[in-house]
Amino acid sequence: MSILKYTLLTVVIVLLLAFVLGCGVSLLASGRLTLRLVVDGTLSFAFVPLCELIAYAIVYRLQLGTRQIVGPARAGHYAEAVDRYFAGNTPWLWWMLALMTATAILPARRLGSLLAPILFTAPIPIALSVRFDWRLFRHDGRSSGQAVFDIILQRAIAWSLATAYFLGVALTTRDFFYTFVEMGQEIRSWVGTML
Amino acid sequence: MRVGAGLVVMAIVAGTFADRPRPREEITLGGYRVLAADFHTHSSTWSDGSVTPWGMVIDARYQGLDAIAITGHRQTLDAKWGRWFSEKIGGPIVLVGEELPEIPHHVVAVGIHTTVDSALPVREQIDDIHRQGGIAIAAHPGKFFWPGFAPVMTTLDGTEVCHPATFDYPQFRPELEEFNRRTGAAAIGSSDFHGPGRLGMCRTFVFVREVSAAGILEAIRAKRTVVYGRDEQVYGDPEMVRLADADGRLRQRANTDYPMSVLDRLSQLLGIVGFALLVRGVRL
């Protein structure tokens, strides 16, 4: 395969994840999968796979080390690596599917009540995807310590980029910490409502 | 995998076919044109929203809104994009706005031209909003925010009495009601739209003399608003509330939990099953 084909493969992988996120936006904002919101949501959330891709490219570069892979072979190796790496999003996709199902069942005015369950359950896909990546990086011949370093580096880059993009100019240190205060209030209110 | 992809495509076709703008009719009550507006919304550029400014303009039409204020956190750029796009397509009135999310007071500025400095004390923020010809609305003023608003109780133009959180947390509603009573400002219903829920889920019916951004701002300053909240509760100017209740159409238009059609349900079902098959079979 040519470099162009491998590049296209990488683009398709990125677009697929953005498309799934776009579908989630459509369901959340309208209760149905409608083209106008799927396209809009795909565009709005394309930054998620792009941030992942940038972060992984940096980690991949470090992992590549002294391996002398050049030209189409290197492009192919990278595209395959991206393909394997993005499979680590599978726990998130199952989690999103559960969220989509809840969205379909709940009336629009009660969707806010999903926030606390989202906060409670998000650690599950986070943990599962870390486990997946740890195995992947170990499989690539990295030591346990190196694999842990790769995971931390990848997430530090990807999550920082994504947070900065998503929150934009609203992001200040004070806001960032206040987010946790609001999360705490949200959970407290939710628990209060449940009791 | 192919079956999954096919089901998702079918889900989108069904959903797109079912996706029709809510019927809109011009409503005139007591000599005023009544406009449905949402004054607190966030876009994906860059205010932790999920829909682009132009997507929100289109969605406003689908949700039966006549006007929206796009209120980015500490910025007005996305609102200006939205207004430009809406003017091009003949969409709803888009007011340039900003949310000043300081602690402990969130102020929504509507009808401004340039970004208000959120580092200013709340009194000066509101002075700047007024200098620009805009209005200042207290955003989701639950008890936690009351101390922050103490210096500006008499200068606020509106306060949110209907917010999506009132549907999830019953204790929140009386706090918003009490705050509105204390300020005597116009009653405002806003969705604080970030993606989940519906644009205009809480909305403000504004009784305008003139169908324009200026007409909307004038009506809010004069407190000619009506808001339908949780449990059919109604807020606003008593005379406007009387007109609205006698007519009945505003109460209907306030509800965004409209029944889903068979095509909608089909879209949901096919989409969820299709994605389940895709996630099982595809390595993204």
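**Entry 1: a cis peptide**

I began with W46(B), which I found in the loop between β2 (32–41) and α2 (53–62) of chain B; here helices (H or I, at least four residues) and strands (E, at least two) are DSSP runs numbered from the N terminus. The peptide bond that leads from T45(B) to W46(B) is cis, and its omega is near -10°. I noted beside this that most peptide bonds are trans.

For the record, this is a predicted model, in which local features need pLDDT of at least 70 and side-chain atom pairs count only at pLDDT 80 or more, while totals for chains, interfaces and linings use all residues. Residues are numbered from 1 along each chain as its sequence is written, and chains are lettered from A and ligands numbered from 1 in the order in which they are written.

**Entry 2: two aspartates with positive phi**

I then looked up D192(B), which is not a glycine and yet has a positive phi of about 50°. D192(B) sits in the loop between β8 (186–189) and β9 (204–208) of chain B. Is D192(B) buried or exposed? D192(B) counts as buried because it has 23 C-beta neighbours inside 10 Å; the cut-offs are 20 or more other C-beta atoms within 10 Å for buried, 12 or fewer for exposed and partly exposed in between, with C-beta atoms placed from the backbone.

D231(B) also has a positive phi, near 55°, in a residue other than glycine, and I located D231(B) in the loop between β10 (225–228) and β11 (234–236) of chain B. With 9 other C-beta atoms within 10 Å, D231(B) is exposed.

I traced D19(B) to the loop between α1 (2–18) and β1 (27–29) of chain B, where D19(B) is buried, since 21 other C-beta atoms lie within 10 Å. Leaving out residues up to four places away in sequence, D19(B) touches S30(A), R32(A), T34(A) and Y62(B), a contact being a pair of residues whose C-beta atoms, placed from the backbone, lie within 7 Å. The C-alpha atoms of D19(B) and L263(B) are 9.2 Å apart, although 244 residues separate the two along the chain.

Chain B is divided into domain 1 (1–22 + 262–284) and domain 2 (24–257), with bounds from an automatic or database domain assignment. Taken over C-alpha atoms, the centres of these two domains of chain B are 34 Å apart.

**Entry 3: the contact between the chains**

How many residues does the contact take from chain A and from chain B? I read 49 residues from chain A and 44 residues from chain B. On the side of chain A that touches chain B, α1 (3–30), α2 (35–44), α4 (71–86), α5 (90–105), α8 (144–167) and α9 (173–194) of chain A each give two or more residues. That side comprises 28 nonpolar, 13 polar and eight charged residues, where Ala, Val, Leu, Ile, Met, Phe, Trp, Tyr, Cys and Pro count as nonpolar, Asp, Glu, Lys and Arg as charged, and the others, Gly among them, as polar.

Axes are lines fitted to C-alpha atoms, for helices over the stretch in contact, and angles run from 0 to 180 degrees between N-to-C directions; under 35 degrees counts as roughly parallel, over 145 as roughly antiparallel, 65 to 115 as roughly perpendicular and the rest as oblique. The residues that α5(A) brings to this contact include W94(A) and M100(A), and those of α11(B) include I272(B) and F275(B). By class, this contact has nine nonpolar, three polar and no charged residues.

**Entry 4: packing inside chain A**

Chain A has nine helices and zero strands, and of its 195 residues 32% count as buried. I found α1(A) and α2(A) packed at an angle of about 125° with their axes 7 Å apart, which makes α1(A) oblique to α2(A). Among the residues in this contact are F19(A) and S30(A) of α1(A) and L37(A) of α2(A).

The axes of α3 (residues 47–64) of chain A and α8(A) come within 8 Å and cross at roughly 150°, so α3(A) and α8(A) are roughly antiparallel to each other. The contact of α3(A) with α8(A) divides into 14 nonpolar, two polar and two charged residues.

Definitions and conventions
Two residues are in contact if their C-beta atoms, placed from the backbone, lie within 7 Å.
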